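Hi everyone, thanks for coming.

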Amino acid sequence: MRATSAGRARRRPKTYGGERVCAEKRCETRLSRYNRETFCFAHAPTKYRRMRGEFTTEYASRNS
Ligand SMILES: [Zn+2]
């Protein structure tokens with residue numbers, strides 16, 4: 001566990017905006033503000049797609 005000193009609030013982790021959705025035009029998948037990607041998993045750049053289908057499918061279903 002991380003020890004957080006009480007009293008003074010630490011700076012928040014870097015975020016990438018509030019309500020963001022996938023950059024794909026017709027996709028409305030919401031992206032986490034901690035996710036620096038601009039696309040959802042289904043439309044993510046090839047670095048994700050190149051992974052094994054089982055991984056991608058599992059990951060997508062968990063996030064849909
Ligand atoms: Zn998408």
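Let me start with contacts across the chain. Residues 24 or more positions apart make up 0% of the contacts in this protein with a separation of 6 or more, where a contact means two C-beta atoms, placed from the backbone, within 7 Å of each other.

A word on what you are looking at: this is a predicted model, where local features need pLDDT of at least 70, side-chain atom pairs count only at pLDDT 80 or more, and totals for chains, interfaces and linings use all residues. Residues are numbered from 1 along each chain as its sequence is written.

Now the overall layout. The protein has 2 helices and 2 strands, and the order along the sequence is β-β-α-α. Helices (H or I, at least four residues) and strands (E, at least two) are DSSP runs, numbered from the N terminus.

How many of the residues count as buried? Of the 64 residues, 5% do. Buried means 20 or more other C-beta atoms within 10 Å of a residue's own, exposed means 12 or fewer, and partly exposed is in between, with C-beta atoms placed from the backbone.

Let's walk along the chain, then. Gly18 sits in the segment before strand E1 (20-21). Gly18 is exposed, because it has 6 other C-beta atoms within 10 Å. From Gly18 to Tyr34 there are 16 residues in sequence and 9.4 Å in space, C-alpha to C-alpha.

Glu19 also lies in the segment before E1. With 7 other C-beta atoms within 10 Å, Glu19 is exposed. Its C-alpha atom is 8.0 Å from that of Ser32, 13 residues apart along the chain.

Next, please find Glu24, in the loop between E1 and strand E2 (30-31). Which residues does Glu24 touch, leaving out those up to four places away in sequence? They are Phe39 and His43. Glu24 has 14 other C-beta atoms within 10 Å, so it is partly exposed.

Last stop: Ala44, in the loop between E2 and helix H1 (46-49). Is Ala44 exposed, partly exposed or buried? Ala44 is partly exposed, because 19 other C-beta atoms lie within 10 Å. Ala44 and Cys22 are 22 residues apart along the chain, and their C-alpha atoms are separated by 8.9 Å.

That's my tour, thank you!
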